[in-house]
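I opened my notebook to look up two things here.

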Amino acid sequence: MTTTTKPRIEIVDALRGFSLAGIVIVHMVENYVGAPTPEGAMEATHQGIPDDIVDGFIFLLLRGKFFALFSFLFGLSFFIQMNNAHNKGQDLRGRFLWRLAILFGIGYVHHLFYRGDILTIYAVLGILLIPFYKLNNKWILGITTLIFLGLGRYIVFILTKGTNIFMQDDLSPNSPIIATYYNVLKEGGLWDVFRSNAIEGHLMKMHFQLGVFSRAYLTFGFFLLGLFVGRFKFFQNFLEHKKLIKKVLLWSIGLFVLSIGIAIALFSQLGPEVKFDNWLAMLGLTAIDLNNIAMTFIILALFVILYRKVKAGRWLAKFAPYGRMALTNYVFQSIVGTFIFFGWGLGYLGELRNIYTFLIAIFMIFGQLILSKWWLKYFYYGPLEWVWRSLTYFRIFPMRR
């Protein structure tokens, strides 16, 4: 079969690369643990004001926001692929399912290194996108709104009262299972990490994704939002939407301020040791979600506003090659990060200050920016992007330009 490639939308690639940069900073400062850490295990990472500033910066601007941008772009890419196939008179549903199966395989290998992997989650949730492709816009917005308002969390809480339905042990910092896992990362070899992540890691991930913390529900909500925005060809015509972008920015700032106030008011009533077995905590978690959502839209709006400007746009466009190779860069980051921190590598887990791991992340981002630009000068695809595409269409695509 023959395939034709549509011109890529540069701002989408740049935004994807920018999102990936935020993700690697969070993961690097978290030491690629992908789980709670034992109490006191990370004390060496906080030795002064710079380390606290890094923590505050990540909490306010990065954690929970850049994964949302990445998820939004996954939904947008789904629509673009499906729509391009539809315009050619093709049905891409079967091919997309196979594409997700390949992504799951890549994600599973990645998960063996780092149990915070998102590729397997995207592969599973992506299946649910298919029936939404032709759904009315009102239904998509309505369902997305209910997800963002915490419907998934509330259903799970009603059924479980906040208990872990995937693992018997508590996953608090004082839990024996957390201590054991941390010790595996700190002292174990590569195969020890693989064995721990192979099954137990997925169960822990499912608790975080499908329990009252509801990361998977939010991820799917952003998938739907990306699908919705794709229908209006917003990024193809972003220069024409100046007023809309400003409205999104202003409303998002308002929601950001309001949600902070609500979260503080709710959690202040729960005392110093918050337990997630009551409705106040559930509402507080939703307020935090809304705060993250608001900041995500603030970042998105500011990115588009700056991209419209000549000088700022040229600088942000440098993230485009990085975004075009997002799959390769994401997996490579995790392998390098786990090598730095885990016992099978350099073993610096819990020993480097936040300011140092933050700088390592910045160095990695700039290194990958340069490498991605150089690579795409000589090759059409990143290594994993080439594998994914070739397996999707059952033919070997040309690699070298």
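How many cavities of 30 Å³ or more does the structure hold? I found one. A cavity is a set of points on a 1 Å grid over the protein atoms alone, where a 1.4 Å probe fits but cannot get out. The model is predicted, so I kept its rules in view: local features need pLDDT of at least 70, side-chain atom pairs count only at pLDDT 80 or more, and totals for chains, interfaces and linings use all residues. Residues are numbered from 1 along each chain as its sequence is written, and side-chain values use heavy atoms, without hydrogens and water.

**Cavity**

I looked up the volume of the largest cavity: about 50 Å³. Volume here is the space filled by probe spheres set on the points, which are joined across faces, edges and corners. Lining residues have an atom within 4 Å of a point. Among them are Val156, Thr160, His207 and Val212. The lining divides into three nonpolar, six polar and no charged residues. Gly counts as polar in this scheme.

**Arginine 231**

Next I turned to arginine 231, in helix H10 (residues 215-231). Helices are DSSP runs (H or I) of at least four residues, numbered from the N terminus.

The side chains of arginine 231 and asparagine 137 are joined by one of 2.4 Å. A polar side-chain atom of arginine 231 also lies 2.5 Å from the backbone oxygen of tyrosine 133.

Technical notes
On a 1 Å grid over the protein atoms alone, a cavity is a set of points where a 1.4 Å probe fits but cannot get out, and a pocket is an open set with protein on both sides within 12 Å along at least five of seven lines; lining residues have an atom within 4 Å of a point. Helices (H or I, at least four residues) and strands (E, at least two) are DSSP runs, numbered from the N terminus. A polar contact is a pair of N or O atoms within 3.5 Å; within protein, one must be able to donate a hydrogen and the other to accept it, and residues adjacent in sequence count only if both atoms are side-chain atoms.
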